[in-house]
Amino acid sequence: MSASTNVTIDDTTHLTAEDVAAFLDRRMTAAERLEAEEHLAGCGECRAEVTAVRRLIKGQPLARRIPVVPAGLAAAAAIAFLVFTIARPGRELPDSRVRAVPDESPARMATVVPADGDTVPPGSPVLVWSSITGEPTYRFTLTDASGQPLWTSATTDTSITLPPQVTLRPRQTYFWYVDALRADGRAASTGVRRFTTP
Amino acid sequence: MEPAVPEVLERLLVAADESARDEAWRRFVDQYSRLVLYVARRHAPDYDASMDAYAFVLEKLREHECRRLRGYAADGRGKFTTWLVVVSRRLCLDFHRHRYGRAPAEATDTVDDNRAARRRLVDLTTTSVDAALASPSSDDPDGNVRRVELERALESAMTGLPAPDRLLLTLRFHDGLSGAEIASLLHFASPFHVYRRLNQLLAALRERLVRLGVRSPMP
């Protein structure tokens with residue numbers, strides 16, 4: 001960490017203002033970032049600062065910039081998105097859609113029921129997603145609105161019924177996603193979907 | 001890495017005489033007042049206090065021939081506006097401490113929330129290891145003692161993790177940040193990626209706890 005202008009914090013082991021800015025803007029070298037992360041993992045004061053500054057930056061009026069995209073380009077992108085990402089309920093996705101991908105960018109599967117953002121009735125809702133080829137195992141995860149996992153289950157089926165011990169509270173938003181792992185090691189995911197309770 | 005020092009700041013720092021410095025300072029204030037004022041308003045209880053804090057920040061930025069601004073220019077890694085938010089916030093906290101003898105509420109920790117988040121981490125890492133440890137009942141007098149022992153084991157297990165993973169767990173389960181905030185802070189592609197990584201880490205921690213001998217509720 002640089003030893004330059006540490007504005008108010010007397011303890012010289014804290015991150016400097018320059019360090020905090022470089023960390024948030026991702027302008028550190030790999031070694032600097034690792035050192036900063038090592039420090040942040042053990043220093044509540046500096047973690048509070050980077051969190052507070054990130055919140056300030058996200059909320060500041062000057063930081064909001066609306067990207068200008070030509071209308072034609074935006075329409076073409078939207079059409080391409082629809083053509084390549086939407087799968088019809090009940091149909092298998094083409095095998096080319098299921099590709100070997102790193103953990104950070106799984107291929108997409110479609111969800112069927114409930115539709116994203118739908119309100120589900122009380123009881124034990126059934127959640128359904130599209131199948132993929134390759135003898136996959138599906139891992140289902142349900143989280144609350146804060147992202148806290150509430151229930152996970154593995155299955156080879158393309159639907160799951162929430163068990164009675166998973167109690168959905170009224171007027172809440174829940175998130176769910178399904179990760180698929182094929183026998184050949186390739187992966188796919190539905191991405192995060194949400195539903196609400198009445 | 002692209003140069004981050006804005007032109008208006010460069011002109012201020014190279015101004016040769018008093019009148020040039022005054023003119024450059026006026027332009028600097030014109031350009032960045034809104035940002036400094038925004039930070040000041042977030043750290044002051046009322047309008048007057050925020051204007052006082054704003055004036056304090058500008059005074060401190062200009063003192064000693066703009067020592068702080070020169071410090072940024074010499075480093076120049078982060079964006080200037082990010083750096084200015086960091087420094088303005090620190091100065092506003094200083095101002096608040098000097099005036100009121102304590103930091104404003106924004107800077108204080110929510111201890112109860114942190115404890116709750118910390119307890120969630122213990123629960124999540126021990127569910128499959130030892131359900132009794134994770135949720136001791138009130139009629140189990142040894143429950144709290146075992147929980148303390150478990151937390152020590154958890155600390156030990158976390159110590160062996162790489163710094164980015166420890167930071168991720170700490171932000172989520174100690175500081176109670178949402179996945180969206182963590183994704184923004186640590187540059188994950190989405191909250192989804194944060195939760196996936198957290199699930200992987202929790203599984204790894206469970207394995208480490210088992211290796212540390214946390215298998216049974218009985219010592």
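How much area is buried between chain B and chain A, and what percentage of it do carbon and sulfur atoms give? The area buried between the two chains is about 4,900 Å², and carbon and sulfur atoms give 56% of it. Buried area here is the accessible area (1.4 Å probe) that two parts lose on being put together, summed over both.

## Basis of the report

This is a predicted model, in which local features need pLDDT of at least 70 and side-chain atom pairs count only at pLDDT 80 or more, while totals for chains, interfaces and linings use all residues. Residues are numbered from 1 along each chain as its sequence is written, chains are lettered from A and ligands numbered from 1 in the order in which they are written, and side-chain values use heavy atoms, with hydrogens and water left out.

## The two chains

Chain A has four helices and nine strands. Helices (H or I, at least four residues) and strands (E, at least two) are DSSP runs, numbered from the N terminus. From the N terminus on, the elements of chain A run α-α-α-α-β-β-β-β-β-β-β-β-β. Of the 198 residues in chain A, 43% are buried; buried means under 20% relative accessible area, exposed over 50%, and partly exposed in between (1.4 Å probe, protein chains only).

Chain B has 10 helices and zero strands. Of its 219 residues, 48% are buried. Contact means heavy atoms within 4.5 Å. Among contacts in chain B between residues at least 6 apart in sequence, 64% join residues at least 24 apart. In chain A, residues 24 or more positions apart account for 54% of the contacts with a separation of 6 or more.

## The interface

The contact between the chains takes 53 residues from chain B and 55 residues from chain A. B:Arg77, B:Arg90 and B:Phe192 supply 16% of the area that chain B buries against chain A, more than any other three residues.

Across the interface, the rule finds eight salt bridges. A salt bridge is a side-chain nitrogen of Lys or Arg within 4 Å of a carboxyl oxygen of Asp or Glu. One of the pairs between the chains is A:Arg47 with B:Asp175, with the closest N and O atoms 2.6 Å apart. The elements that give two or more residues to the side of chain B that touches chain A include helix H2 (18–42), helix H3 (47–75) and helix H4 (80–100) of chain B. The residues on this side of chain B divide into 23 nonpolar, 12 polar and 18 charged. In this count, Ala, Val, Leu, Ile, Met, Phe, Trp, Tyr, Cys and Pro are nonpolar, Asp, Glu, Lys and Arg are charged, and the others, Gly among them, are polar.

## Salt bridges

Over all chains, a search of the whole structure finds 21 salt bridges. B:Asp22 and B:Arg62 form one of them, with the closest N and O atoms 2.7 Å apart. B:Asp22 lies in helix H2 and B:Arg62 in helix H3 of chain B, so the pair ties together parts that are 40 residues apart in sequence. B:Asp22 is partly exposed at 36% relative accessibility, and B:Arg62 is partly exposed at 29%.

B:Asp165 and B:Arg197 meet in another salt bridge (2.9 Å, N to O). This pair links helix H8 with helix H10 of chain B, 32 residues apart. B:Asp165 is buried at 10% relative accessibility, whereas B:Arg197 is partly exposed at 28%.

B:Arg77 also forms a salt bridge, with B:Asp75 (3.0 Å, N to O). B:Arg77 is buried at 10% relative accessibility, and B:Asp75 is partly exposed at 21%. Both residues belong to a network of salt bridges that also links A:Asp19 and A:Glu32.

## Helix H1 of chain B

In helix H1 (residues 7–14) of chain B, the residues B:Val8, B:Leu9, B:Leu12 and B:Leu13 are buried. They cover an arc of only 130° around the axis, which puts them on the same side of the helix; the arc is that of the directions from the helix axis to the C-beta atoms. What covers these buried residues includes H2, H3 and H4 of chain B. The face turned away from the buried side carries the exposed residues B:Glu7, B:Arg11 and B:Val14.

## Two residues with positive phi

A:Arg26 has a positive phi of about 60° although it is not a glycine. A:Arg26 lies in the loop between helix H1 (17–24) and helix H2 (30–42) of chain A. B:His187 likewise has a positive phi of about 60° and is not a glycine. The place of B:His187 is the loop between H9 and H10 of chain B.
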